[in-house]
Amino acid sequence: MTLKINGLVGGYSQVPVLKNISFEVRAGEVVGLIGLNGAGKSTTINHVIGLLTPQKGSIIIDGATLMKDPETYKSKMAYIPEIPVLYQELTLREHIDLTIMAYGLNKGKAWLRAESLLKMFRLSNKLEWFPANFSKGMKQKVMIVCAFLTEAELYVIDEPFLGLDPLATRDLLNLIQSEKKRGAAVLMSTHVLSTAQEHCDYFVLLHEGKIKTQGTFEELRNVYQNQQATLTDIYLGLTQEVTNHG
Amino acid sequence: MDNLWNVRLKKYQRVLLHYSRFVLNDHFVLALLFFVGGLGLGYSNFLRSLPNTLEWWSRPLMVVIFVLMLQMGSFVSLLDEPDTIFLLPLENKMFSFLKRAFTHSFFIALFFQSLSMLISIPFLQQGVHLRTAEIWLLWLTQLLLKAVYLGRFLIISYDVKVDKWWMKLSVEFIIPVSVMILTFYLSAFIALSLTLVSLVVMVYLIRKAAKKNVFRWKRMLQIENHRMMSLYRFINLFTDVPQVKGSVHRFKLLDAYLPKMKTSKDVFKFLYWRALVRKSEYSSLYLRLSVLGFVVLIFIPNIILAIILTMLFMYLVGFQLLPLYNDYDDIIFTHIYPLKKADRLANFRGVLRCLLLLTGVLLVAASVLATHALVETLGVAGTVLLMIVFLTGNFLTKYAVKNT
């Protein structure tokens, strides 16, 4: 499984926010999409999940594009939004049922998996509740459960750690690691740089709609010419450099 | 605090003025004029037909009507959601704000109560044979009852202990009914004195509650939001109000009849039925129109009119349910799930057909109850089927294409 983004130009209006973005997310790899507010992280993600249409360039999952084969494209992907989105009138159980239906999963197996996920995030006793009335953190957990239930080939995760308690953050990171071992690809946008440094294999640093630099952590250190630098140092250094020059 | 109230009131009146332009549109005013005119004519005819002796039902009728009249107009506090944060430091001054709110609510109520009093005077004189002095006493009693009614909101804005169903029942029902029975059967003067006593007790309770407790922000906000929502829902009949989102209720008993999880083909069927049953904006709309159609048709013996009304109600039900098709557009996952676009339309068509058929069955049943001849009832049934074919056919496809 590979997600290939090639020369992507796009945004919400005629004026592009993203200017010529290219990177890849391969199976068994966690890619961190790093950038300031407004750098273009969410816009990139919106293009990947198909809410926006590229003005130029292409986004391909295993040879399938959204234009030519939307069902194949979408069936390979699970998404966790930055702000939880829930159906007002569905219970937690029905959210899970719906996810199983929509992805055409095996009912028995998927429910077994759902139960272990629900237990991990301490939601087992809330199956008959309307999650739309949950707190932000609990809604986010529902999003996580529904996404990881699908055993997708590609996970697209937007700012996953906001509002999660430390226990849930740890469990989410473990989940990402185990999915990675299974062979899934993960594209994750975040500001939490210390966590990203530890858990991502590859980094894409966005600034003002362009890729400032990309590579593994070692490669980033080489670019920054400091082998002791943390991701925060590199990120701040590179963006400030850009700001000063610009 | 006075200043704050004035600002709030101005803002509120601006909102009302803005929407009144939509509510009081030409068609509606014209229809209202006809309606009021017809009602007035009916009322005067009815008064003329009254015998000189007292009818057995006239006094109970007045008790019921005055108690119903009392329910008009609620407590207008004009509290707003952010107040719980921004007005928190002014907690101890909230009582003077509430007093302004009470005065405003009372003057609004004064107008409406007096207006309805004015309308009932002819019947009070000719139907119940009240003397002028008694009518004045009744008017005063009704106003004081309204003050007690509104005073309850001042108590519960401080005291959680009396915010109970029995308190609401006594203030809004038991006391008014007793007072009205006293007025019409015993003495208007005694009734007025009793109301005065309850008002004094009320004022005492309010002062006590406000001294001992803190202002109940959440509860008062809930009450105000509830009031604004019913206002918006009314306005929503005429124009779109952004605040009207409707509420969600589970109706657990109906869960057994909802579609179970199947394949990805039925995702939208799964969603649409749940939205219909649990989201009040759809369920209440559908039920109201269907029941209204049923009731109206029962009283229409003329078959041509019955068929026209059948067409009208089928069209209204179908047309008003169309927005359900786009109900899930705001939810990102609807676009992200690997689903076929055609399945959604097919699912919606099935759901709409089923609902229209149910309404149709009701309308045909009404036609039977209206004692139409067999051929005529078959005519109504045929109209129903034709309307279903029309509404769920090309008409729906065109709507779907236009709205995706």
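Chain B and chain A bury about 2,700 Å² between them, and 70% of this lies on carbon and sulfur atoms; buried area here is the accessible area (1.4 Å probe) that two parts lose on being put together, summed over both. On the side of chain B, the residues that lose the most area to chain A are B:M261, B:I336 and B:P338, which together make up 26% of what that side buries. This is a predicted model, in which local features need pLDDT of at least 70 and side-chain atom pairs count only at pLDDT 80 or more, while totals for chains, interfaces and linings use all residues. Residues are numbered from 1 along each chain as its sequence is written, chains are lettered from A and ligands numbered from 1 in the order in which they are written, and side-chain values use heavy atoms, with hydrogens and water left out.

**The interface**

Contact, meaning heavy atoms within 4.5 Å, links 25 residues of chain B with 28 residues of chain A. The rule finds eight residue pairs in polar contact across this interface, both residues being at pLDDT 80 or more; such a contact is a pair of N or O atoms within 3.5 Å, where within protein one must be able to donate a hydrogen and the other to accept it, and residues adjacent in sequence count only if both atoms are side-chain atoms. Two helices of chain B, α10 (267-278) and α13 (332-336), each supply at least two residues of the side that touches chain A, and α10(B) gives the most, with six residues. Helices (H or I, at least four residues) and strands (E, at least two) are DSSP runs, numbered from the N terminus.

**Helix α10 of chain B**

Of the 12 residues of α10(B), 11 are buried, so this helix is largely enclosed by the rest of the structure; buried means under 20% relative accessible area, exposed over 50%, and partly exposed in between (1.4 Å probe, protein chains only). Among the buried residues are B:F268, B:W273 and B:R278. The buried residues of α10(B) pack against α3 (92-102) of chain A, together with α11 (280-298), α12 (303-321), α13 and α14 (341-369) of chain B.

**Salt bridges**

The structure holds 30 salt bridges over all chains, each being a side-chain nitrogen of Lys or Arg within 4 Å of a carboxyl oxygen of Asp or Glu. Across the interface of chain B and chain A, the rule finds four. The table gives some examples.

| Pair | Closest N and O atoms |
|---|---|
| A:E94 and B:R278 | 2.6 Å |
| B:K279 and A:E89 | 3.8 Å |
| A:R122 and A:D165 | 3.4 Å |
| B:R219 and B:D163 | 2.5 Å |

B:K279 counts as buried at 8% relative accessibility, and A:E89 counts as buried at 0%. Within chain A, A:R122 is partly exposed at 45% relative accessibility, and A:D165 is partly exposed as well, with a relative accessible area of 28%. Within chain B, B:R219 lies in helix α9 (residues 217-235) and B:D163 in the loop between α6 (132-156) and α7 (165-186), so this pair ties together parts that are 56 residues apart in sequence. B:R219 counts as partly exposed at 26% relative accessibility, whereas B:D163 is buried, with a relative accessible area of 17%. Salt bridges that share partners also join A:R93, A:E94, A:E128, B:R250, B:D255, B:R274 and B:R278 into one network.
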